Amino acid sequence: MKHTPTPAGLAALEAQLAQDLEFLELPAKPWVPKQMHDGVPVRDVVVIGAGMCGLAATAKLVLTGITNVVAYDAAPAGLEGPWVTFARMQTLRSPKTLNGPSLGLPQLTFRAWFTAQWGVEAWQALDKIPRSRWMDYLVWYRKVLALPIRNSVRMTGVTPVDDLIAIDVEGAETGRVLTRHLVLATGRSGLGGFAVPDFLKGIDRTYWAHSADEIDFDALKGKRVAVIGAGASSMDNAATALEAGAGSVDMLIRRKEMPRINKLTGIGSQGVVHGIYHLPDAWKWKFFDYTASTQTPPPRSSTLRVSRHQNARFFLDCGIVAVKEDAGGLLIETTQGPMRYDFLIAATGFSNDFSDRPEFAAIAPYIRTWSDGRYTPDMGPPRPGMSEAPDLGPAFEFRERVPGSCPMLAHIHCFNDAAMLTHGKVSGDIPAVSAGAERLVRGITASLFAEDVETHFANLIAYDTPELLGDEWADSTPLLQKEAVQ
């Protein structure tokens, strides 16, 4: 940045935000009755994950008056999400003007935060948002809203306890937490984890890494490196390896042509944000099957970041047949012939397969997916990654594969990338995360109110603070009799 940040500008922004919240009567007054179970306090909502989606969900809950909440994140404070960990792009891919997790509050936008410190001129000069700057903004977002987040705490298990959900946690906080609702704001990894191709299973991890791994790029100096894929993360990892001094980097791309058009960006609108969920299932499948088949191209800047290096090569129509360890390196059999490398980076995305996640072991067998009847053959050919997507309700809640088999699923909400097929892209990307948080919290609010309806009705009956004290008027009815006599 050429401009020096102005602390006074940020203080003024925070004061304006505080006034806006006061004018809007936010946060709303707490309204959910407190609960105990065998003498143990019960949370109304626990959020797992304090990245962007977890922050937006937690903030919306608190602003709605659901204050008995906590968000847990396994990462230390300031390292939540991918932005300063495994994200390796130089800038965000989204336009700088998007509202992101601001929840409809202008003073909570990145633009307001940035302009308050560096000024309008710097904002106008900014092309895309540097990813570390975005992380700085999210840290401020958490601080200025005083969100109840606890770091270095990992969820290790989920089990039912009567009509509640018990969460086992370890780390900075260890033990069991009881909650009425659980929100899984677990980001790109969703409910599964790294998608690892079969040809890499059994290969020594010394020789390969997933693009979301912590990678020692300095150790790749002078090495022959292969990167699988043609997406954004493959470009980012290839560029990082080249900038760290890799001897060569080859992009092994299965497609015959590079994808060039970001289809969903082309139709981005509030109609898409709010309308996808209400479409018939066949149309949902049609939209996402088409965009999966056309694929999302990497940003132009990310691709140029790779191709400007003379020791970078792009091999198209280069599918991988097999990978073998060979003489201290890798022998990769491809559709273009055998190739030798010292290290491979698999930019192969993530999986919705939650059966291998121990923390989900108690619920995984019961979760209904699209392959359990929501997808039908007349929609088109089955597509891996879509068929396994969870079949979710209107508040991102899981549904049971067999009715009655796991009732607590109705109170566990999948607010992460795995929700895309059912809800659209409102729980994983910057453009529509506020709309997603609104939809999530509206559903949780309705559920909590309905669950406590007897208490709310009892409170209605018990409320006895008079509005009128009896001295505000005189009863003129007796005068009617006198007037009648006269």
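This is a predicted model: local features need pLDDT of at least 70, side-chain atom pairs count only at pLDDT 80 or more; totals for chains, interfaces and linings use all residues.
Trainee: Let's start with the whole protein. How many helices and strands does the protein have?

Mentor: There are 13 helices and 18 strands. The C-alpha trace spans about 115 × 60 × 45 Å along its principal axes, and buried residues account for 47% of the 486 residues.

Trainee: Why is Lys60 called buried?

Mentor: Set its value against the cut-off: buried means under 20% relative accessible area. Lys60 has 19% relative accessibility, so Lys60 counts as buried.

Trainee: Where does Lys60 lie, and what is Lys60 in contact with beyond its neighbours within four places in sequence?

Mentor: Lys60 belongs to helix H2, residues 52-63. Those contacts are Leu103, Ala437, Glu438 and Val441.

Trainee: Now helix H8. How do you know what span is expected for H8?

Mentor: The rule is 1.5 Å times one less than the number of residues. H8 covers residues 281-294, which is 14 residues, and the expected value is 20 Å. From first C-alpha to last, H8 reaches 20 Å, close to that expectation.

Trainee: Which residues of H8 are buried, and what makes them line one face of the helix?

Mentor: The buried ones are Lys284, Trp285, Phe288, Asp289 and Thr291. Viewed down the axis of H8, they fall within an arc of 165°, so they line one face. In general, an α-helix has 3.6 residues a turn, so residues three or four places apart point the same way.

Trainee: What covers those buried residues of H8?

Mentor: The cover includes helix H6 (263-266) and helix H10 (420-423).

Trainee: On to the five-stranded sheet. What is the order of its strands, and why are E9 and E12 said to stand at the edges?

Mentor: The order is E9-E16-E10-E11-E12, an open sheet with parallel pairing. Strand E9 (208-210) and strand E12 (312-315) each have a single partner strand, so one side of each is left without a neighbour in the sheet. The twist averages 20° from one strand to the next.

Trainee: How do you know that E9 and E16 pair?

Mentor: Pairing needs at least two bridges. E9 and strand E16 (residues 343-346) have three bridges, in the parallel sense. Within this pair, His210 stands opposite Ala346 in E16. Helix H5 (residues 232-243) packs on the sheet, touching E10, E11, E12 and E16, and its direction makes about 170° with that of E11.

Trainee: Finally, how do the axes of H1 and H3 lie, and which residues make the contact?

Mentor: The axes of helix H1 (residues 7-23) and helix H3 (residues 110-125) come within 6 Å and cross at roughly 140°. H1 brings Gly9, Leu10 and Leu13, while H3 brings Ala112, Trp113, Ala116 and Gln117. These residues divide into five nonpolar, two polar and no charged.

Notes:
Residues are numbered from 1 along each chain as its sequence is written. Side-chain values use heavy atoms; hydrogens and water are left out. Helices (H or I, at least four residues) and strands (E, at least two) are DSSP runs, numbered from the N terminus. Buried means under 20% relative accessible area, exposed over 50%, partly exposed in between (1.4 Å probe, protein chains only). The arc is that of the directions from the helix axis to the C-beta atoms. Contact means heavy atoms within 4.5 Å. Axes are lines fitted to C-alpha atoms, for helices over the stretch in contact, and angles run from 0 to 180 degrees between N-to-C directions. Ala, Val, Leu, Ile, Met, Phe, Trp, Tyr, Cys and Pro count as nonpolar, Asp, Glu, Lys and Arg as charged, and the others, Gly among them, as polar.
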